[in-house]
Amino acid sequence: MKERNGNLNGEGSVLRGTAAVHAGEARRKPYAALTTPVVQTSAYTFENTAEVMEFMKRKEAGAAELRHEYGRYSNPTRSAAEGKLAALEGGERALLFASGMCAVTTSLLAILGWGDHLIVAGGVYRRTREFAEAFLPRFGVEATFVPHDDPASWEAAVRPATRLIYTEAPSNPTLSVADLDLLSAFAKKRGLLGAADATFATPVNLRPLEHGLDLVFHSATKYLGGHNDLLAGVVVAPAALASRLEEAQGVLGGVGSPHDAYLLLRGLKTLDLRVRRQNETGLRVASFLESHPSVSRVYYPGLPSHPDHETARRLMTGFGGVISFEVRGGLEWTSLFIDRLRLPYIGPTLGGVESVVQQQALFLSTDPEKRRRSGIADNLVRYALGVEDAEDIIADLKQALEF
Ligand code: PLP
C-alpha cells in the first residue's frame, strides 16, 4: 500500500474498503475538519495581474499541479471525489460529470470523430444505445451492435475506421457479463480502445482496468452515490486519454456539482460495506426466486443457471444487488404482483440503500407495440436490492407471489 502524507489511504490496495474511506482526500483538511468540505464556488480569484500571468504561464507549459481557476474546469470537492474514484478503479485519473449519460456522451464525442466507427457488444442502457444509434450518426460516427458473448461477431464487425469497443458488465436488465479478458485482448489486437460501463458491478465486484480495458464508466447516481440523492457520472482512464476527455468536458460543460461531489464522497465511504451486503442478499434472494413456482426465470450472474455464470465467477468477486426475473403471468398479473410488494419503492433507479422495483416494460411505454419492439417481456421485473434485511425482502416477495 502507498502512503500519502504519512497516512494509509488505501491507494494501490486490492481491497477496496480502506480506499473507499481514505483515498483521494487530503489528510489535513481546511479548518482541520474531519470531512472534505463542499467548496461551493463558481470561480476562484487572483490577488493581482502578476498572479494571473504566473498562472497562465504554468498552464500553457502544461504544469501538472495547477491552482483552481474556474468551476467548469475544476473544484476541490470534485477533485477529491475524482481521486477516490480513480483509486477504487485502480486507474490513473477519474473525471466526474453531471450524470452517467454525460460521462458516456462527452467521452464518446471526444474519442470519435467524423467517419469513425464503434462496436457495442451486448445490451447497454437504452439511452446509451440511443446515443450510439441515433445521435452519433449525426456526427458521422457509425455503430455496429453485436452480441456480448460471440467474439466471432466482434471480428466480423471490425472496420479500418473502428476506434472503440464498448460493453456493459453486468448489463441491464439481463445481467449479461462479457468476457472482459477476451474483449480487451481483441481490442489490443485490433488497435481499438476497450470500454466498459460497470455501473451494476461497482469496483468492489469488478475492475475492468485490471482486465486490460482502457476506460470504465459508471452512473455514480447508482451504487457509488448509494443513497438515491444525487446525479453524477464518472469515467476512469489513463492520464493522456483523460486529458483529452477533460478538454471535451471543459467545452461541453457537463461537470459534477460541488454538492453532488460531496454527497458522492460521503456515499463512497460505505461502498464496500453496502455492496458486500447487497452481494450476500442478492444470492439469497435470487436463489429464493429461482425455487419459487410462480417465477419462471431468474437473471442473476451468481446463479449457475445464468448463461454467463462461469465468466462472472472468473471476473467478479460478488454479483451485485440487481436481480431480474420473470413471473408466471402477463402484464397485469405482473403489475398486481408489484403493487402487492410492501417493502421496495416503485421507480426507475437502482443502487441505493432503499430497495426499488420496476416492471421494465411499463417504464418503456404503455403502448404494447413499442414494448414488443423493445424486446422487454411484459412479465420481467427488475428488483434492485437496498440494504434492508434479506429475511424481510424474501418474506415480502413471498407474500406478494402467493396472495
Ligand atoms: N449506465 C447504466 C448501466 C445505467 O443504468 C444508467 C442509468 O440508469 C446510466 C448509465 C446513465 O446514468 P445517469 O442516469 O446517471 O445519467
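**View 1. His117 sits in strand β4 (residues 117–121) of this predicted model.** Helices (H or I, at least four residues) and strands (E, at least two) are DSSP runs, numbered from the N terminus. His117 has a relative accessible area of 0% and is buried (buried means under 20%, exposed over 50%, partly exposed in between; 1.4 Å probe, protein chains only). Its side chain makes a polar contact of 2.8 Å with that of Thr162 (a pair of N or O atoms within 3.5 Å, where within protein one must be able to donate a hydrogen and the other to accept it, and residues adjacent in sequence count only if both atoms are side-chain atoms).

**View 2. Glu25 meets Lys84 in a salt bridge of 2.9 Å, N to O.** This pair links distant parts of the chain, with Glu25 in the loop between α1 (17–22) and α2 (49–60) and Lys84 in helix α3 (residues 76–89), 59 residues apart. A salt bridge here is a side-chain nitrogen of Lys or Arg within 4 Å of a carboxyl oxygen of Asp or Glu. Glu25 is buried at 6%, and Lys84 is buried at 0%.

**View 3. Glu369 and Arg373 share helix α15 (residues 368–374), four residues apart.** Their salt bridge brings the closest N and O atoms to 3.5 Å. Glu369 is partly exposed at 36% relative accessibility, while Arg373 is exposed at 58%.

**Notes for all views.** Residues are numbered from 1 along each chain as its sequence is written, and side-chain values use heavy atoms, leaving out hydrogens and water. In this predicted model, local features need pLDDT of at least 70 and side-chain atom pairs count only at pLDDT 80 or more, whereas totals for chains, interfaces and linings use all residues.
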